[in-house]
Amino acid sequence: MTSSIRSTKPHEIVERALELSTADGCVVIADEQSTANLRWAGNALTTNGVTRGRSLTVIATVEGREGTASGVVSRSAVTAADLEPLVRAAEAAARGAGPAEDAQPLVTGTPASPDFTDAPAETSSAVFADFAPALGEAFARARAGGRELYGFANHELVSTYVGTSTGLRLRHDQPKGTLELNAKSPDRQRSAWAGRATRDFKDVDPTVLDAELAVRLGWAERKIDLPAGRYETLLPPTAVADLLIYQMWSAAARDAAEGRTVFSKPGGGTRVGERLSELPLTLRSDPNAPGLESAPFVIAHSSGDDASVFDNGLPVPATEWIREGELARLTTTRHSAALTDLPLSPAFGNLILDGGGDRSLEEMVAGTERGLLLTCLWYIREVDPATLLLTGLTRDGVYLVENGQVTGAVNNFRFNESPVDLLSRASEAGRTEKTLPREWGDWFTRAAMPAVRIPDFNMSSVSKGV
């Protein structure tokens, strides 16, 4: 049989792969993905499109005298004729591998998803039915105001089906929408950016973003050169998200216990229980957070520091990583939880920082005597894992605030900071709001953060560019 496997329902593919398996254990993950997008430049649409795709991951486990081995094979555009060879390839990989360090019994007992046998959810250009006319209005306003809009809107919908030889039958639909809008002056000397994350494009209005960008381009009409140094700085929610997402990506319990990260305790162990901030900051994840919903069970296509293929289907509870300023949890698999004697805390699908503040970013600006207001961060790279020192650049607008008002735009900077150190030095956190991480938005979009005031943010050198 050589017909495309896409004519077969995903749950049937999962069941057929499980039937074909001769391994001691088997996990099958089918991902059905659809995307719709719009792109524009110079106040005019340039491209649009819709794509569809399917990928299949087979995880085989084989018992041996020395332990349990695993083999993982993933392929896209699989045909029905490819299904049995795919299963056999995973089994061969398992039989050719040594015992898996993270081996655990496959998960049992997670209640089946009632929609497991339903067709996958799909997005289409219809998701932009209300957004597209509003975008046209934003183009008209920008044209009349002498500015040019560039950017894109992308909507992705992934239906994931997980089946195991231990009887799990789970399904999760994950929508992900991003809007990025960049406004430029006609001479390209001034640039401003705004972005939004959304599940369905019903809660984003490009005319509102255009109005925000018009204000920022106006701020940039006055240019001020500042040297490198430490400045009181207002980090907007998008920048806070980028820093804390990277912090959480570096928060695997095993790495900390083995002395390799900023969360390692001198002399051994981890820093769980230590105070990281004097502010009542709570960093948490919750798969049921309104507007930020994520998978309520583990979906692991491969094993790593904070994920194990053996944990597929394990329930993901709401978790507080930092509680009232104190480090409460690090990410663990069942294997690393046993190694470190820490609670089981599966990796997260969203990230929320509550700081106890209620002031908007605009109100925080009004309360600033002298400082810098950032737009976003980009090109973030790790310098030192032991302190989680990061370096990166500011982009698309750094503004000088004096006596509660923005008085002009300054040059861009390179920064050197550790997000863990920033938490310890933060003097104010504003009102939490949904935000789009600029740097990590291709990988992680479900975030809600406050703006944060840092009294002495380290702008280590001046950077050229808009």
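Colleague: What makes Gly-151 the bridge partner of Trp-40 part of a strand pairing?

Modeller: Gly-151 lies in S4 and is the bridge partner of Trp-40, and strand S1 (residues 25-41) is joined to strand S4 (residues 148-164) by 14 bridges, running antiparallel. Two strands pair if DSSP finds at least two bridges between them, so S1 and S4, with 14 bridges, count as paired. Strands here are DSSP runs of E with at least two residues, helices are runs of H or I with at least four, and both are numbered from the N terminus. This is a predicted model, in which local features need pLDDT of at least 70 and side-chain atom pairs count only at pLDDT 80 or more, while totals for chains, interfaces and linings use all residues. Residues are numbered from 1 along each chain as its sequence is written, and side-chain values use heavy atoms, with hydrogens and water left out.

Colleague: Why are S3 and S6 said to stand at the edges?

Modeller: The open sheet has six strands in the order S3-S2-S1-S4-S5-S6, with antiparallel pairing. Strand S3 (67-76) and strand S6 (191-198) each have a single partner strand, so one side of each is without a neighbour in the sheet.

Colleague: What makes the pair of Phe-128 and Phe-131 tilted?

Modeller: Rings of Phe, Tyr and Trp (its six-membered ring) pair if their centres lie within 6.5 Å, and planes under 30 degrees apart count as stacked, over 60 as edge-to-face and the rest as tilted. By this rule there are 16 aromatic pairs. The centres of Phe-128 and Phe-131 are 6.1 Å apart and their planes stand at 50 degrees, so this pair is tilted. Both Phe-128 and Phe-131 belong to one aromatic cluster with Trp-40, Phe-139 and Phe-201.

Colleague: How do you know that the charged end of Arg-39 sits over the ring of Phe-152?

Modeller: The rule asks for NZ of Lys or CZ of Arg within 6 Å of the ring centre and within 35 degrees of the ring normal. The charged end of Arg-39 is 4.9 Å from the centre of the Phe-152 ring and is assigned as sitting over it.

Colleague: Why is H5 called largely enclosed?

Modeller: Buried means under 20% relative accessible area, exposed over 50% and partly exposed in between (1.4 Å probe, protein chains only). Twelve of the 13 residues of H5 are buried, so the helix is largely enclosed by the rest of the structure; among them are Pro-237, Leu-243 and Met-248.
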